[in-house]
Structure formats: C-alpha cells, structure tokens
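Load the model and keep the sequence beside it. The walk below goes from core to surface features.

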Amino acid sequence: MRKFSLAYILGAGLLLSSCADLDQTSISSIDKNNFYQSKEDIETAINGIYEEVTVGGMYGLYNNQSIYLNDLQTDYVFAGAQTNSAHIREVANFAIQPTNQFVSAAWQYHYTTINRANVVIDKLNAASWLNEQSKQNYINEARFMRALMYFELVRYFGGVPLILHDGEGEGAPRNTIDEVYEQIVLDFSAAENLPANYTTLDSKASSLAASALLSKVYLVWAQTSSEQGKANQEAYYQKAIAYADKVISSGKYHLFDKFIDNWSVDKKNGPEHIFTVEHDYRLKSNTTGHCTFATNWSNTEPVLLATSDRYYKEMDPNDQRRDGSWAKRLYNPNTGEDFIFTIPRFRKYIDSLNYANPATSGNIAGRSTNTIIIRYAEVLLIKAEAENELNGPTAAAYDAINQIRRRAYWSPYNNYQNQPTDGTELELTGLTKESFREALRHERWNEFILEGQRWYDLTRWHILVKHVKENTPATQPLKIQNVSKRNYYLPLPQDQIQLNPNLEQNWGYSGETGDGPYGTEFE
C-alpha cells in the first residue's frame with residue numbers, strides 16, 4: 001500500500017471508472033479545471049465520489065474495511081488460520097499500530113472521497129451556466145457524501161482536520177470533535193433539501209437518507225464525552241427522535257418480513273434499505289465480507305471467523321436472525337447435501353443465489369451483496385434508544401423496539417408469529433430505564449452482526465474494555481490481554497504525522513499508560 005500525505009490526497013485529481021448502476025461515464029482521468037462544462041460532466045464527477053468508497057480491494061472503505069475495523073475489534077470475531085496478514089492480526093488482537101495498513105487506508109480513502117466532494121462543490125458554486133435548483137441538488141448530493149465520510153472519521157479517530165475546499169489540507173491541525181460534528185450536521189441538513197423524487201436508488205443520496213443519518217449522528221454525538229455532547233445531551237437525544245420520526249412518518253420504508261432478504265442480491269433497493277453501497281461481481285472487483293467464506297464448504301478456518309459457536313447457540317432458534325446471521329449448516333451444490341460447520345460461518349454475505357454457478361468458482365461471498373450503511377431497523381432502534389435515554393421506556397420506545405422483536409420472531413415461511421422458546425414474552429413491557437437499555441443493546445447485537453456496527457456501539461456506550469474482557473472466549477487470550485482504553489480510537493497513521501507536524505497522535509499509541517483522557521465513565 002502506498003503512503004499518501006494529507007496534502008497529496010486533498011490535491012489529487014479525479015480518477016473515475018465505470019459503474020453501470022449509476023450511469024457513470026468511463027473515464028481514466030479528468031482535468032478538473034477544464035471539466036464541468038455540462039450536466040453529464042457533473043454527473044460523472046458525482047459518481048466518482050460514490051466510486052471511491054468501493055475501490056481499494058480489501059482495504060476499501062465499504063469493501064472489507066468497515067468489517068475489519070468494526071467487528072474484528074470486538075470479542076466475537078477473530079483472524080482465522082487462513083490469515084496471512086500481520087495487519088489483520090493487529091486489528092484482531094487490539095494490537096493495532098500507527099503503521100497498520102487499515103489505518104492508513106481508512107485515512108486515505110475517506111479524505112480522497114472528501115476531496116472529490118469538495119471539488120464538485122467548489123466547481124458548481126462557480127458554475128453560472130447551471131440553473132440554481134440543479135446546482136443545489138448536485139452540491140447537496142456531494143455534501144451528503146462528505147458528511148458520511150466525516151461521520152466515519154470522527155468515530156474512528158476523534159477530532160480530524162476539517163477540509164472543506166479543494167487544495168486545502170497541507171499542515172492542517174485537528175479540529176475538535178464538536179467542530180467535526182457541527183459540519184456533519186450542516187452537510188446532512190443541506191442534503192435533506194434534495195427533492196423527494198431525486199433518486200429511486202438506495203445507493204444514492206436522498207433526503208430521507210440524510211434524515212436517517214442525522215438521527216444517528218445526534219444519538220452518537222449525545223454519547224460522546226465532548227464539551228457539546230455533554231452540555232446538549234438531552235437536546236441531541238430529542239433531535240435523534242425527531243429525525244427518526246421524520247423517516248418513520250414518511251411511510252416509505254418498512255421491515256422485510258424475511259430478515260435475510262436485506263442481503264439477497266435480488267432484493268436490492270428493498271423497503272428496508274435507506275442507504276447502501278453497491279457491489280456487483282460482474283462489473284468490478286469491490287467486495288464486502290468476502291473473507292468470511294473464503295474456505296467454502298470446509299472446516300478450515302477462513303480469514304474472519306467467530307471466536308466461538310456460543311454466539312450461535314445463545315440465539316433463540318425461533319429468532320430468524322440466528323439463521324440469517326449464522327450459517328451452521330449450508331447447502332453444498334457440489335455434493336447435493338448440507339455441510340455442517342464446527343464454527344458457524346457468517347451468513348449475511350454468502351450469496352446463495354450465485355455460489356452454485358460454475359462460472360463463479362463456487363466462492364463469491366460478498367461480491368454482489370451491498371454494504372448497508374443504514375436501514376429502517378436501525379432507525380427504529382435509534383428512536384427506541386434515544387427515547388429511553390431521554391425519558392425512560394416510553395410507549396414510543398416500546399413500540400419501536402417491539403417492531404424489531406416481532407419481525408425477529410416472525411416465521412416468513414408460514415406467516416406465523418413465533419414466540420421465544422424460553423417462555424418469555426415476545427413484546428417488551430414493564431422495564432426500568434436500565435433494563436430497557438440492556439434489552440436495547442441486546443437487540444442491536446442480534447440485529448447487526450457483522451454489519452460494521454459493533455465496535456462503534458461498544459465505544460459510544462463506553463463499555464469496550466469491560467465487554468471484551470468479560471465476553472471474549474479464553475481461546476483468544478491476546479484480545480483479553482491487549483484491549484485497553486487506547487482502543488476507543490484508532491491511531492492516526494504514522495506517515496501522516498511525519499508529513500504534518502501539526503497532527504497529534506491519539507492517546508495510548510506513543511507508549512502512554514494508565515487511563516489518560518478516559519474518565520471513570522469509560523469501562
């Protein structure tokens with residue numbers, strides 16, 4: 001992996017390639033100063049922003065990177081025997097270093113995407129030939145993607161340099177966490193002005209996708225230890241609820257009856273999908289979750305594997321999320337029989353419609369399965385969580401979380417409402433604020449297995465170290481031994497710090513010990 005300075009990334013020109021789903025023009029390089037002469041030019045540049053989040057192979061933002069950094073850095077995923085990368089093992093064992101390739105790639109690709117958005121915004125602001133409505137729509141689409149990139153960056157690294165114009169960035173210091181969140185809110189709020197009929201694709205920015213992500217931004221911001229996060233916690237929870245209600249009341253989205261349909265390659269642009277990243281093995285090499293099924297129908301350990309079969313066993317067999325998230329047994333088209341795995345494979349990225357196709361060599365896990373950035377189930381859980389944190393378990397909180405539970409225990413094959421096998425009630429009632437919080441966290445765990453959510457959740461709840469130490473199986477001693485409060489953020493890439501002396505490394509990655517800036521509320 002080549003190393004890139006922030007200045008180089010932010011000054012880079014646009015490099016685009018074709019993407020049929022977005023009607024993107026195939027271009028090898030663009031002179032940004034002589035480009036923007038037509039709507040076709042603008043749309044090509046806009047599609048170049050989307051394309052950047054799927055390049056980079058296994059290090060790409062929404063190829064495998066989001067899973068490696070957000071699920072491998074937990075108790076339930078480890079680097080299996082097929083792993084030959086020291087960088088993957090660093091992440092898996094909470095031994096990540098500033099020289100780690102995933103860290104460098106995360107910085108590189110986020111800022112390259114940001115710069116592509118900045119170029120579009122700057123050029124269109126100067127495009128007098130374009131009518132104002134079209135200009136604002138294109139700008140707001142670019143701002144949506146810029147906001148998404150900064151939302152990822154601030155959760156990965158904390159405060160990062162805010163670069164809002166092409167050509168800026170060299171020697172830029174880190175902005176505060178609150179300053180980054182303020183810009184995220186400004187950009188997503190602008191994107192809410194996109195017309196309701198702007199797109200029919202969930203892989204392109206939309207007004208309601210911006211609203212959904214604003215609900216998540218305010219929920220997370222309310223739980224940071226930043227000055228504004230602490231001072232405005234109640235107000236931010238209220239905003240999280242308001243934006244979630246905007247999505248819910250629109251009537252545009254609903255839950256799939258069949259949980260696994262969220263990852264079926266023939267169910268894209270489904271009723272639960274709000275914003276996704278497109279993957280298609282026939283068009284390009286981007287992929288997600290590929291290494292979860294790299295050893296096919298065998299018990300040879302793939303690169304990413306569950307640390308224990310207990311996670312599968314602990315899920316209720318009447319909960320359709322168990323078999324939608326874990327493949328304990330899987331039909332093998334080569335033998336005509338089911339194969340039973342000792343340790344269940346992660347199910348969501350196994351493309352069961354295509355893995356039996358001889359042209360695919362039997363292994364195309366994740367290569368056509370879209371990466372889900374936010375879906376309707378999460379909006380419901382955001383509302384439930386914010387309601388409970390603000391007011392305790394209100395009727396609105398129960399209604400939101402029980403929609404998730406009813407779908408979980410619904411049998412889509414015989415249209416029957418199952419109940420939990422342990423005799424407990426399907427719908428939650430009568431809980432305290434604390435017990436509702438625990439129930440909510442348990443639902444998020446069951447709902448978002450291997451969706452690039454878990455590390456984000458454990459860090460925003462300030463329970464990362466405690467959870468990993470208490471829940472990691474003894475077969476993974478390095479996870480238990482190494483996890484510490486430094487793992488609440490990633491290190492800044494070492495090459496960036498060398499190139500920019502105004503960047504300060506995150507605490508814990510230069511030999512510091514103790515608790516550092518993390519108070520007693522961090523466990």
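Predicted model: local features only at pLDDT ≥ 70, side-chain atom pairs only at ≥ 80, totals over all residues.

Residues are numbered from 1 along each chain as its sequence is written, and side-chain values use heavy atoms, with hydrogens and water left out.

The largest nonpolar core has 144 residues. A nonpolar core is a set of buried Ala, Val, Leu, Ile, Met, Phe, Trp, Tyr and Cys residues joined through side-chain atoms within 4.5 Å. Buried means under 20% relative accessible area, exposed means over 50%, and partly exposed lies in between (1.4 Å probe, protein chains only). Phe144, Tyr150, Phe157, Ile184, Phe188 and Trp326 have the most contacts inside this core. Helix α6 (residues 132–157) gives the most to it, with 14 residues. Helices (H or I, at least four residues) and strands (E, at least two) are DSSP runs, numbered from the N terminus. In soluble globular proteins, nonpolar side chains tend to be buried together.

Now pick out Ile184. Leaving aside neighbours within four places in sequence, Ile184 is in contact (heavy atoms within 4.5 Å) with Ala147, Tyr150, Phe151, Val154 and Val217. A second, separate core has 6 residues, among them Phe293, Ala327, Leu330 and Phe341.

Next, the strands. Which strand pairs with β6? Strand β2 (residues 273–277) does, in the antiparallel sense, over 4 bridges. Two strands pair if DSSP finds at least two bridges between them. Thr276 has Ile372 of β6 as its bridge partner. Strand β6 (residues 371–375) is largely enclosed by the rest of the structure, because 5 of its 5 residues are buried.

Helix α3 (residues 61–70) is mostly covered, with 10 of its 10 residues buried. They include Leu61, Tyr62, Ile67 and Leu69, and also Asn63, Asn64, Gln65 and Ser66.

Turn to the largest pocket. It holds about 760 Å³ of space. On a 1 Å grid over the protein atoms alone, a pocket is an open set of points with protein on both sides within 12 Å along at least five of seven lines, and lining residues have an atom within 4 Å of a point. Grid points are joined across faces, edges and corners, and the volume is the space filled by probe spheres set on the points. The pocket has 34 lining residues, and the closest to its centre are Glu438, Arg441, His442, Glu443 and Trp445. Two or more lining residues come from each of α11 (310–314), α15 (433–447), α16 (454–460) and α17 (464–471). Helix α15 gives the most, with 7. By class, the lining has 10 nonpolar, 7 polar and 17 charged residues. Here Ala, Val, Leu, Ile, Met, Phe, Trp, Tyr, Cys and Pro count as nonpolar, Asp, Glu, Lys and Arg as charged, and the others, Gly among them, as polar.

His462 is found in the loop between α16 and α17. Its phi is near 65°, a positive value in a residue other than glycine. At 12% relative accessibility, His462 counts as buried. Asn296 is found in the loop between β2 and β3 (304–306), and its phi is near 55°, also positive. Is Asn296 buried or partly exposed? Asn296 is partly exposed, at 21% relative accessible area. Ser207 is found in helix α8 (residues 207–222) and is buried, at 15%. Leaving aside neighbours within four places in sequence, Ser207 is in contact with Ala191, Glu192 and Leu194.

Key. 1 Å grid on protein atoms, 1.4 Å probe; cavity = no way out; pocket = protein on both sides within 12 Å on 5 of 7 lines; lining within 4 Å.
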